[in-house]
Amino acid sequence: MSHAADLPVWAAIVVAVFLLIGAGLALIGSFGFYRLRSFYDRIHAPTLGTSWGTAAIVMASMFCFTVLQSRPVIHEILIGIFVTITTPVTLMLLGRAALYRDRSEGSPEVPAMDPADGVLEEGVQVEE
Amino acid sequence: MISRIFPYPLLIASLVVMWMLLAGFTPGQLLVGIGVALVAAQGLAALQPAKPRLRRWDLLPKLVIIVLYDIVRSNIAVARIILEGSKRERKSGFLTIPLDLRDPTALAILAVILTSTPGTAWLDYNSARGTLLLHVFDLVDEAEWFDLIKNRYEHMLLEIFE
C-alpha cells in the first residue's frame with residue numbers, strides 16, 4: 001500500500017486546493033442553511049455541497065490515489081453520479097411536502113393550486 | 001432475439017463498467033459483471049418501463065458540458081449571496097414555466113439539471129397541463145430564468161429526445 005507521505009509536493013498542493021474548494025462549498029452551504037429564513041430559500045443552500053462540493057472532493061480523491069498508485073483510480077466518480085441523480089428525489093419530496101402544507105394552510109406566499117391539479121388529478125392516477 | 005437478450009444495451013454497458021470500476025479490471029470480473037448486468041436488465045424489462053428514444057446522441061456531451069459550466073457559475077453566485085448576507089437586496093420567488101417537453105426521461109434529466117444547479121429548485125410538475133413550478137433563489141429578472149430554462153435546457157432536451 002502507498003502512504004500519503006509518498007505524494008509529491010505538487011500533487012499534494014493540487015489535492016489540497018480541491019479539498020479546500022469542496023469543503024469550503026459544503027461549509028458555505030451549511031452556513032446558508034443556518035442563516036436563511038424561509039424553507040424554500042433553505043433548500044437551495046445545501047445544493048452547494050451536493051454539486052461542486054461533492055465534485056471537488058471526489059476529484060481530489062481521484063487525483064490523490066491516481067498519483068499514489070500510478071494507475072487511474074476513477075471509481076469515486078460513481079459517488080458523484082449517484083449523489084447527483086438521487087438529490088432531486090429528496091429535494092422534490094421535501095419541497096412538495098412544504099408546498100402542500102403551505103397551500104392547505106392558505107399561505108399567501110406560495111402560488112395557488114392549479115384548477116386541474118390536486119385532488120382530482122391524483123384521484124385519477126390512483127384509479128389507473 | 002438480440003433485443004430479448006440485451007433489452008437495455010446502455011444499462012447493461014453502464015452496469016458492466018460500474019462493476020469493473022468497483023471490483024477491478026480483470027477478465028474474471030468482466031464475466032461476472034456481464035452476468036449481473038444481464039440479470040439486472042431482465043429484471044428491468046419485467047417492469048416494462050417506457051423506453052427512452054434518443055434521437056441525437058451527439059448532443060449529449062454538449063449538454064453535459066453546458067450543465068457542468070452552469071453549475072460552476074451558479075455555485076459561485078449562490079455562495080456569494082450567502083456570504084454577502086443581508087447587505088444586498090435579494091428577492092426569491094416562485095416561477096411557473098409551461099414546458100413543451102413530455103418525455104418522462106427528458107423530464108427526469110431536466111429535474112436533475114435544475115436540482116443540481118444551486119439557485120433553482122424543482123418543486124412541482126403538473127402533467128395534465130405540462131407546467132413546472134420552480135423556486136428560484138435569486139429572482140431578479142424573471143425573463144432571464146425563463147429564457148435559461150426554455151431556450152438553453154428544454155430546447156436541447158427536445159432535440160435529443162423528441
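A: Chain A comes to 5 helices and 0 strands; here helices (H or I, at least four residues) and strands (E, at least two) are DSSP runs, numbered from the N terminus. Keep in mind that this is a predicted model, where local features need pLDDT of at least 70, side-chain atom pairs count only at pLDDT 80 or more, and totals for chains, interfaces and linings use all residues. As for labels, residues are numbered from 1 along each chain as its sequence is written, while chains are lettered from A and ligands numbered from 1 in the order in which they are written.

Read along the sequence, chain A goes α-α-α-α-α. UniProt, in an unreviewed entry, puts "transmembrane region" at residues 12-36, 48-68 and 74-94 of chain A; its positions are given in the numbering used here, feature names are shortened, and annotations may be inferred rather than shown by experiment. Residues 48-68 of chain A are 100% helix and 0% strand, with end C-alpha atoms 29 Å apart. For residues 74-94 of chain A, the figures are 86% helix and 0% strand, with the end C-alpha atoms 32 Å apart.

The loop between H3 and H4 of chain A holds A:Ser70. Its phi is near 50 degrees, which is positive in a residue other than glycine. A:Ser70 counts as exposed because it has 9 C-beta neighbours inside 10 Å. The rule: a residue is buried if 20 or more other C-beta atoms lie within 10 Å of its own, exposed if 12 or fewer, and partly exposed in between, with C-beta atoms placed from the backbone. Of the 128 residues of chain A, 27% count as buried.

Now for the side that touches chain B. Here 33 residues of chain A are in contact with 30 residues of chain B, where contact means that the C-beta atoms of two residues, placed from the backbone, lie within 7 Å. H4(A) gives the most, with 10 residues. By type, that side of chain A has 18 nonpolar, 9 polar and 6 charged residues; Ala, Val, Leu, Ile, Met, Phe, Trp, Tyr, Cys and Pro count as nonpolar, Asp, Glu, Lys and Arg as charged, and the others, Gly among them, as polar.

And the partner? Chain B has 6 helices and 3 strands, in the order α-α-α-α-β-α-β-β-α. Its domain assignment gives domain 1 (2-47) and domain 2 (59-161), with bounds that come from an automatic or database domain assignment. The C-alpha centres of these two domains of chain B lie 33 Å apart.

In chain B, strand S2 (residues 120-126) is largely enclosed by the rest of the structure, because 5 of its 7 residues are buried. S2(B) runs antiparallel to strand S3 (residues 131-136) of chain B, and 6 bridges join them; two strands pair if DSSP finds at least two bridges between them. One bridge partner pair is B:Ala121 and B:His135. S2(B) and S3(B) make a hairpin with 4 residues between them, and B:Gly130 in the turn has a positive phi of about 70 degrees.
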